[in-house]
Amino acid sequence: MTRSDPAEERSCRDVEPFEGMTMGTPGSSTVSTKLERIAGLARQMQGKALTSLAHHIDLEWMREAYRRTRKDGAPGIDGMTALEYEQRLEENLQVLLDRAKSGERYRAPPVRRVYIPKGSGDKLRPIGIPTFEDKVLQRAVLMAMEAVYEQDFHPCSYGFRAGKGAHDALHALREELMEMHGGWVLEADIEKFFDSVDHAKLRSIVEQRVRDGVVLRLIGKWLNAGVMEEGSVYYPDAGTPQGGVISPLLANIYLHEVLDSWWYREVKPRLKGRGSLVRYADDFVMLFEREDDARRVQEVLTKRFEKYGLRLHPEKTRLVRFQRPPRGGVPPKETNGSSFDLLGFTLYWARSLKGNWVVKLKTEQSRFSRTLHSIRGWLRTHMHDPIRKQHRALERRLRGHDAYYGVTGNYPALARLRHEVERAWQRRLSRRSRAGYVTWSRMRQLLRVFPLPPPRVLHTL
């Protein structure tokens with residue numbers, strides 16, 4: 001599965017893709033107490049709907065929602081920035097709170113659609129930008145709903161949750177594969193998931209746990225807010241609010257019902273062998289000890305998703321035989337289908353330094369090429385910048401790459417990226433003037449003065 005790159009999405013500062021579910025600890029002890037109270041009530045009422053959440057959302061709650069909202073994002077259709085909103089903060093928050101609770105006085109504004117480069121930059125990806133005020137209100141509702149649903153989500157879910165991330169999902173997946181000595185991996189790809197969520201089914205799923213009128217009314221307005229592009233507004237009949245702070249939670253709620261609960265309630269008890277599910281947002285894989293279990297689940301998985309208006313990509317959804325090689329054997333070639341991809345990494349069998357078979361991770365080839373293509377493009381457009389400025393920019397990009405891809409066993413891929421970046425830098429420096437060809441002898445001297453940061457493994461798996 002090769003859709004969103006967590007490392008890439010964090011670097012987009014001029015637009016706001018899905019923001020993290022929680023930003024730090026609560027700044028208010030009163031809000032923290034309320035969140036604990038909601039969470040405790042949700043635990044006591046497992047399987048039942050909570051009918052009163054909005055009364056917790058007061059002015060102090062709104063202040064905390066404002067504190068947790070990103071301030072560096074691009075403005076929405078009203079053009080208001082966080083700095084402008086802050087100039088009359090108390091008044092703005094009180095008015096927003098009154099409008100939200102009054103019902104008819106609040107109108108969810110359309111999101112402003114922009115496009116950012118996707119993958120290698122040859123294609124563009126649409127991103128929605130809500131107004132800053134709408135982000136604050138969505139954050140306030142998110143805080144209350146997150147306290148409820150964190151008591152329900154299964155341990156297999158990692159995406160957009162406090163204290164969980166992509167590396168946690170990869171670690172859990174690797175540990176499960178090692179314990180099972182491999183097996184059969186069902187690698188699935190949901191086509192355009194965030195654009196395909198059925199609004200009616202989503203509302204029905206939410207109402208099973210939350211029946212607060214104010215909260216449900218706000219969610220309905222955000223789902224129907226519309227998208228503004230080139231001066232025109234249109235209203236999609238499916239999908240989560242584009243770019244909305246609350247979108248990741250709504251997506252998790254949807255897949256919690258469609259996939260996670262179904263797995264634990266109906267699938268896992270019927271397996272003849274061992275099985276496991278690991279999901280990060282809409283990226284997931286299923287592990288099976290037995291081939292017959294894997295094939296049975298593969299047959300019903302498509303129907304399960306179609307029931308909820310979702311479609312599995314027929315070419316990117318596949319069953320992979322991922323069994324540990326025999327003792328004394330040679331590792332299978334990855335081109336024969338003995339590897340699979342998840343969250344920007346390729347997982348494959350290899351020998352450890354002690355000679356044991358272990359599951360290793362390396363940067364997925366398409367992500368490696370994407371990163372290198374991006375750096376080469378930057379060097380091309382900044383070819384005549386001072387060398388010191390070029391060096392600082394390359395340094396930032398390589399360290400940012402390591403912050404995500406620097407995992408145990410991936411050192412060779414990190415080192416190869418350095419080598420390719422050095423070559424790309426040398427070629428661009430050689431083209432700055434007709435008589436300015438930079439030999440590798442001169443390049444090595446330059447690298448002693450402006451060395452690129454060495455590869456760093458920051459995540460131990």
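**Close-up 1. R209 and its partner D152 in the predicted model.** At 5% relative accessibility, R209 counts as buried in this model, which is predicted rather than determined by experiment. Its partner in a salt bridge is D152, and the closest N and O atoms of the two residues are 2.5 Å apart. D152 sits in the loop between α6 and α7 (166-180), while R209 belongs to the loop between α9 (199-207) and α10 (213-223), so the pair ties together parts of the chain that are 57 residues apart in sequence. D152 is also buried, its relative accessible area being 15%.

**Close-up 2. The salt bridge of E133 with R99.** The side chains of these two residues, E133 and R99, meet in a salt bridge with an N to O distance of 3.2 Å. The pair links distant parts of the chain, with E133 in helix α6 (residues 132-149) and R99 in helix α5 (residues 89-102), 34 residues apart. R99 is buried, and its relative accessible area is 17%.

**Close-up 3. The salt bridge of K272 with D292.** Here the side chains of K272 and D292 meet in a salt bridge, at 3.8 Å from N to O. K272 lies in the loop between α11 (247-267) and β6 (275-280), and D292 lies in helix α12 (residues 291-307), so that distant parts of the chain, 20 residues apart, are linked by the pair. K272 is exposed, with a relative accessible area of 57%, whereas D292 is partly exposed, at 27%.

**Close-up 4. A network of E64, R67 and R68.** Salt bridges with shared partners join E64, R67 and R68 into one network. The structure as a whole holds 26 salt bridges.

Definitions and conventions
Residues numbered from 1 in each chain as written. Predicted model: local features only at pLDDT ≥ 70, side-chain atom pairs only at ≥ 80, totals over all residues. Heavy atoms only, no water. Salt bridge = Lys/Arg side-chain N within 4 Å of Asp/Glu carboxyl O. Helix = DSSP H or I, 4+ residues; strand = E, 2+ residues; numbered from the N terminus. Buried < 20%, exposed > 50% of the residue type's maximum accessible area, 1.4 Å probe, protein only.
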